[in-house]
Amino acid sequence: MRSRHHQFKRKDYFIGINCGLRVSDILALNVGDVKEKNFIKITEKKTGKPKKIPINNKLMSMFAEYTRGKPSDNPLFMTKFKNRLNRVTAYNIIKQACEESGLYDTFGTHTMRKTFGYHHYRKYKDVAMLQKIFNHSSPQITLRYIGIEQDQISKSYTDFIL
């Protein structure tokens, strides 16, 4: 059982931080949604909007290995009882993985999406693009969501000296 959880931690977290999907959308994926594909095509559960996400080279090679020999209609992430993994179990696995790594801060399934957003913004500095990726209604919501707004506020305090 432990190895199954370990396998989930690596794969799911890696997907989450490389594509910015919500965990509900990641857990809804089937093997056929990623096997030998260049894009992940979904309809977001929360918004009902269609989304097409290019699969980067790291994910592509991981998917090739992970889906080898698996039927296309199987859930991408399954429990040891062959059921689709749910978000509560995913949360518990991620929490356990963080604790085993010595991270005791507040982490959860949504941390993957926020991590993607934070690093995407740091690399490209394009809040408008990230706003579109996340389907947010304003740039301010996106910046607050990924923690950049707080970073900027904190920096203004530390850089302000009279």
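Here is a chat about a predicted model of one protein.

Biologist: Hi! What do I need to know before looking at this model?

Modeller: It is a predicted model, so local features need pLDDT of at least 70 and side-chain atom pairs count only at pLDDT 80 or more, while totals for chains, interfaces and linings use all residues. Residues are numbered from 1 along each chain as its sequence is written, and side-chain values use heavy atoms, with hydrogens and water left out.

Biologist: What pLDDT does the protein average?

Modeller: The average is 88, and 92% of the residues score at least 70. pLDDT is the predictor's confidence in each residue, from 0 to 100.

Biologist: And where is confidence lowest and highest?

Modeller: Lowest in helix α1 (residues 2-19), with a mean of 59, and highest in helix α3 (residues 31-34), at 98. Over residues 1-9 the pLDDT is below 50, and beyond near neighbours in sequence this stretch has 18 contacts in the model. Contact means heavy atoms within 4.5 Å. Where pLDDT is low, the predicted coordinates should not be read in detail.

Biologist: Okay, new topic. How many helices and strands are there?

Modeller: The protein has 9 helices and 2 strands. Both are DSSP runs numbered from the N terminus: helices are H or I, at least four residues, and strands are E, at least two. From the N terminus, the order is α-α-α-β-β-α-α-α-α-α-α.

Biologist: How do α7 and α8 cross?

Modeller: The axes of α7 (residues 127-134) and α8 (residues 139-146) come within 9 Å and cross at roughly 85 degrees. Axes are lines fitted to C-alpha atoms, for helices over the stretch in contact, with angles from 0 to 180 degrees between N-to-C directions. That makes α7 roughly perpendicular to α8, a term for angles of 65 to 115 degrees.

Biologist: Which residues meet there?

Modeller: V127, L130, Q131 and F134 in α7 meet P139, T142, L143, Y145 and I146 in α8. By class, that contact has 7 nonpolar, 2 polar and no charged residues. Ala, Val, Leu, Ile, Met, Phe, Trp, Tyr, Cys and Pro count as nonpolar, Asp, Glu, Lys and Arg as charged, and the others, Gly among them, as polar.

Biologist: Let's look at R22. Is that residue buried or exposed?

Modeller: R22 is buried, with a relative accessible area of 9%. Buried means under 20% relative accessible area (1.4 Å probe, protein chains only). R22 is found in the loop between α1 and α2 (23-27).

Biologist: What does R22 touch?

Modeller: Leaving out residues up to four places away in sequence, R22 touches E44, K46, T47, H110, R113 and F134.

Technical notes:
Angles under 35 degrees count as roughly parallel, over 145 as roughly antiparallel, 65 to 115 as roughly perpendicular and the rest as oblique. Buried means under 20% relative accessible area, exposed over 50%, partly exposed in between (1.4 Å probe, protein chains only).
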